[in-house]
Amino acid sequence: MDINFSTATFKDFENIPGFDMMERADIYYDFLEYMKSNGRHHYRLQNNTGCSSVMNVGTHNVTREFVSFVTSDYLGFTQHPKVKQAAIEGVEKYGTGTAATPLIGGYYSYHNDLEAKIASFFGRSQDEAVIFTTGYTTNSATLQILLQKEDIAIVDMAVHASVYEGCILTNRKTFPHNNLEALEQILKTSEKQFRTKLVVIDGVYSQDGDTAPIEEIYNLVKKYNAYLMVDDVHGVGILGKTGRGTIEDTGLLDKIDIITGTFSKTFGNLGGYVIANKSLTNFIRFQSRQQIFSATTPPSTATGIVKAIELIDEEPHWREKLWENINYFKKGLNDLGLDTGTTCSAVVPVKIGDPHITGDVGRMLLEHGVYTNPIIYPAVARKDARIRMSVTATHDKEHLDKTLNAFEDINKKLHIAKK
């Protein structure tokens, strides 16, 4: 074996030629122990309290309270009393689960209510929405059933892993992130070669927090007789005049061919959705293996999500508070000389570059009582490691100041500022 633990990443262990599954697992176990020993294993830490801006977390040897930036509960709806009460009422009325798939007994009135609510949220009719039990499955299942060997997915290289998994049965070409010239070239060469041409982008990209030029991409897609799918999991509830996401301000909400999203971020729960015309949604309902063979969303989840969707309009002050926090925090980081890239959302990275220094920063932040996500390859390029943080509406100014002070202290020791 020629893997150097001091320079290795998780991806190096996906396949080790000449070693069977148990041998590979043993080697990977040793790598995890190595990571723990030097304080760079920041993953799967145990949370002992609910999802919030302050969480009780068990780190390597200590359990304590941390200011948390690791969740995407952007508006704080996982702890909203009205959302929790709606979930409780769902259990009291229907029980804890469905015990069936949607096609053979697992479709309940609350699933109907949720489909109607999320469709209406985007200005669509109920039969133009399909719900899945996870956001990841939403993308992977939808793409797998819509695209086959005669088709092609044209994908921004920065899309979520679920999109890549969804393309395993079809042809796929990637274009450099937000590079319209490269996208047009692929569309031009693919126009006559494939039956279906589907361009897949994110609204807000999960690692850099930047947005796609949706209007320009839409125009290119239609110029070359292709379709467009926008996954807007980090935009909905946060961006747009009324919180409908990155697409809202373009005026294209009713024109994008496929919109996908999750209920696990802004809506504070679990699941995902597809918004498309009724022909596509019905095709997905009756052809997707994950729709046919997976048990449906439990009642507490669905009833809680319905209330969370309503709160986007009923209580817009949460979005206002979120943006107040985003702007304050980002300015503070930039004033320290830290590189937050091109983010224009609640995803705020501090770009460092070196993965091992990034791991050290993550450890030192924990020592300061701040819980963040060090992101390294393969989630980002090898030399583009960063501390990724999700700002929420429930962060107080003192939480943000504590974190800024921690970064200031760490910068004095590790010199991570770019200027």
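Reader: Which strand order does the open sheet of three strands have?

Author: Strands of a sheet pair through backbone hydrogen bonds, either parallel or antiparallel. Here the order is β11-β14-β13, and the pairing is antiparallel. The edge strands are β11 (347-353) and β13, each of which pairs on one side only. From one strand to the next the twist averages 25°. Strands are DSSP runs of E of at least two residues and helices are runs of H or I of at least four residues, numbered from the N terminus. Two strands count as paired if DSSP finds at least two bridges between them. Axes for the angles are lines fitted to C-alpha atoms, for helices over the stretch in contact, and angles run from 0 to 180 degrees between N-to-C directions.

Reader: What should I know about the model and the numbering before going on?

Author: This is a predicted model, in which local features need pLDDT of at least 70 and side-chain atom pairs count only at pLDDT 80 or more, while totals for chains, interfaces and linings use all residues. Residues are numbered from 1 along each chain as its sequence is written, and side-chain values use heavy atoms, with hydrogens and water left out.

Reader: How many bridges join β11 and β14?

Author: Six bridges join β11 and β14, in the antiparallel sense.

Reader: Which order do the strands take in the open sheet of seven strands?

Author: The order is β4-β10-β9-β8-β7-β5-β6, with mixed pairing. Its edge strands, each pairing on one side only, are β4 (129-132) and β6. The twist averages 20° from one strand to the next.

Reader: In what sense do β5 and β6 pair, and over how many bridges?

Author: Strand β5 (residues 152-156) pairs with strand β6 (residues 171-175) in the parallel sense, over five bridges. Ile-152 has Asn-171 as its bridge partner in β6. Between β5 and β6 the chain passes through helix α5 (residues 161-166), and this β-α-β crossover is right-handed. Right-handed means that, with the strands pointing away from the viewer, the path from the first strand over the helix to the second runs clockwise.

Reader: Which residues of β7 are the bridge partners of Ile-152 and Ala-153?

Author: In β7, Ile-152 is partnered by Lys-197 and Ala-153 by Leu-198. β5 and β7 pair in the parallel sense over four bridges. β7 also pairs with strand β8 (residues 227-231), again parallel, over five bridges. There, Val-199 has Leu-228 in β8 as its bridge partner. The chain goes from β7 through helix α7 (residues 214-223) to β8, in a right-handed β-α-β crossover.

Reader: Why is strand β7 described as largely enclosed by the rest of the structure?

Author: Six of the six residues of strand β7 (residues 197-202) are buried, so the strand is largely enclosed by the rest of the structure. Buried means under 20% relative accessible area, exposed over 50%, and partly exposed in between, with a 1.4 Å probe and protein chains only. Lys-197, Val-199 and Ile-201 point one way from β7, whereas Leu-198, Val-200 and Asp-202 point the other way, and all are buried.

Reader: How many cavities of 30 Å³ or more are there?

Author: Rolling a probe the size of a water molecule over the atoms shows where empty space is left. On a 1 Å grid over the protein atoms alone, a cavity is a set of points where a 1.4 Å probe fits but cannot get out; a pocket is an open set with protein on both sides within 12 Å along at least five of seven lines; lining residues have an atom within 4 Å of a point. Grid points are joined across faces, edges and corners, and a volume is the space filled by probe spheres set on the points. The count here is two cavities of 30 Å³ or more.

Reader: What lines the largest cavity?

Author: Its lining has 15 residues, and Met-35, Arg-40, Pro-355, His-356 and Ile-376 lie nearest the centre. α1 (21-37) and α12 (355-367) are the elements that give two or more residues to this lining, and α12 gives the most, with four. The volume of the largest cavity is about 140 Å³.

Reader: And how much space lies in the largest pocket?

Author: About 1300 Å³ lies in the largest pocket. Of its 41 lining residues, His-160, Ala-161, Ser-206, Gln-207 and Ala-379 are the closest to the centre.
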